[in-house]
Amino acid sequence: MSDPPAISVAGLRKAYGEHTVLDGVDLDVAAGSVFCLLGPNGAGKTTMVRIMTTLARADAGQVRVAGHDVAEEPDAVRAAIGVTGQFSAVDKLLTGEENLVMMGGLHRLAGAETRRRTARLLARFDLEDAARRPVATYSGGMVRRLDLAMSLIGEPRVLFLDEPTAGLDPRSRRTMWQVAGDLAAGGVTVFLTTQYLEEADELADRIALLDHGRLVAEGTPDELKRLVSGGHVSLRFPDEASLAAAVSAVGGLPADRDALTLRIPSDGSVASVKTLLGRLDEQAINVKTLSIHTPDLDDVFLALTGRAPDQAPDHGPDHGPDHTSDHGPDQEEAATP
Amino acid sequence: MTALTLTLNDSSVMLRRVLRHTTRNPATLIMSVLLPAILLLLLDFGFGGAIRIPGGDYIDYLVPGIVLMGAGYSVSATAVAVATDISEGIIDRFRTMAISRTAVLTGHVVGSLLRGLIGTALVMLIAVAVGFRPTADPLRWLGVLGLTALMLFAIAWVAAAIGLATGTPAGAAGFAGLFQILPFLSGAFVPTETMPGWLQAFTANQPMTPIASTLRALLAGESPGDTAWVAVAWCCAAALLGYLGARRAYDRRASR
Ligand SMILES: Nc1ncnc2c1ncn2[C@@H]1O[C@H](COP(=O)(O)OP(=O)(O)OP(=O)(O)O)[C@@H](O)[C@H]1O
Ligand SMILES: [Mg+2]
């Protein structure tokens, strides 16, 4: 494909006061692909999305979205994008339908076209029954789905989704995945952030891993998983004697004596688990429970940065999913009265 | 479409939104009538006997002040509405769209103006029911309408600026509360000459005083003279400052 990238970021930097949030990020997203930005709390995902969607200004670097520079031609960028932020941005006093019709009006669609798209989106996101109720009466998942529907009514060429499945039940999550897949199939570029490797694996053509404002890895899901060998089998034993016997049987791996568990690296295949259990059986070692663990974000982090994501050293205590809103005032703004 | 028609389109979508809020949550409109009405009855029947106004009924003196009270309430309602939009994140959504930059504010301001005019009309009707007898001719009524609308417009821009600058509904309500006190520190309820000298320096020269006396003169069928221009000048200055302040606060939120 010779198309120019839908998103290109070069040397992006952003700091809030002394705190460097983005420390030289470079990436390209091919048009019509799904790109997934993976990172733990406070990694800088939302900050990146805010810069790419013209909500915040970069300190340095160049960001182009849909062929336009976000700093120089913000309106051209805005005309091409749809955004679903991490915290939902819907009008709670209006009904779901009115929210969508309002968005249609702001996209300057004709009345009939707005009604057509509204009906289609309400059906697609399973909101038909609630369409005429004020959003204040919606559940969290319904608000989230409406939020996503609102960012689609303008039929954007590039769609930004900041943790779109946070707080969704498995069914809504699948709907979201399907929507993202369908959009990409229709030529829309999707940029999404998530904390779940599973989600990135499911959706993304390419994944980038953000940690402390730097990309520590980038590639296809398979390339990334090849880097990670975090799969293991976890065995629990009824007593310390069995645990000790097992440790010597498998060749001296460190065990968790308090939890009476032992982690043994494994690809999770039936054959390898059989072999392992066979070896323990030979020595009549009693195993209480067994669980197979496939690589997740923790393992990716462990493999790539040598530490678990929640052990990140210099994160302030002021972020995380319980952080209710990032629209509040900050250091750069005038003191509020 | 030209830039102007685009701006009109976006602003009218936003205005429809604000009017829906008002009908869905009528408490704001009800309070903007109820509070001034209660104050009217309290001042007229409760304290009216103790307040002597040379040459006339106290209620005729009082009504412009009550109108200003309603406008003061409208400031906090609008400031809170704008701040709520910020704290709920919907302003951020609008800012990622290629729409006219201040459409959302224009929607709030025009909505606030319409709410204020309806409230004022209702308060006047209540006043007439309890004995208010305006003697204005049609031209003077037009003047009353014009000045009231101009004042509500100015105050709405100031409210939008307060809402944007504070960014939280509680902060906006607190700050805008000052505007509810302002009519009491003016010649709206009692002549400023009856106040101590140090207070007069403020009360005689703050905008509410010329606005109240202009409205009072017009309603009584008299000529307001130069105070009318002072009142209009204050309103224009406040509208301009509010507008510039609101735009600045709006842009500043974008530069984070
Ligand atoms: N307006 C701001 N003022 C000051 N610091 C900020 C501001 N916005 C973000 N930060 C800081 O930047 C860092 C990255 O925040 P960001 O919201 O981008 O993280 P994230 O990867 O989206 O995390 P999460 O998964 O928790 O949403 C955090 O340490 C946060 O405290
Ligand atoms: Mg985030």
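A cavity is a set of points, on a 1 Å grid over the protein atoms alone, where a 1.4 Å probe fits but cannot get out; its lining residues have an atom within 4 Å of a point. The model is predicted, so local features need pLDDT of at least 70 and side-chain atom pairs pLDDT 80 or more, while totals for chains, interfaces and linings use all residues. Residues are numbered from 1 along each chain, chains are lettered from A, and side-chain values use heavy atoms, without hydrogens and water.

**Second largest cavity**
- There are 5 cavities of 30 Å³ or more.
- Helices H2 (27-47), H3 (58-87) and H5 (103-129) of chain B each supply at least two lining residues; helices are DSSP runs (H or I) of at least four residues.
- The lining has 5 nonpolar, 6 polar and 1 charged residues, where Asp, Glu, Lys and Arg count as charged, Ala, Val, Leu, Ile, Met, Phe, Trp, Tyr, Cys and Pro as nonpolar, and the others as polar.

**Helix pair H6(B) and H10(B)**
- The axes (lines fitted to C-alpha atoms over the stretch in contact) of H6 (138-166) and H10 (208-219) of chain B come within 9 Å and cross at roughly 160°, on a scale from 0 to 180 degrees between N-to-C directions.
- That makes H6(B) roughly antiparallel (over 145 degrees) to H10(B).
- Contact (heavy atoms within 4.5 Å) involves, among others, B:Trp141 and B:Met151 of H6(B) and B:Ile211 and B:Leu218 of H10(B).
- The contact residues divide into 10 nonpolar, 3 polar and 1 charged.

Terms used
Parallel < 35°, antiparallel > 145°, perpendicular 65-115°, else oblique. 1 Å grid on protein atoms, 1.4 Å probe; cavity = no way out; pocket = protein on both sides within 12 Å on 5 of 7 lines; lining within 4 Å. Points joined across faces, edges and corners; volume = space filled by probe spheres on them.
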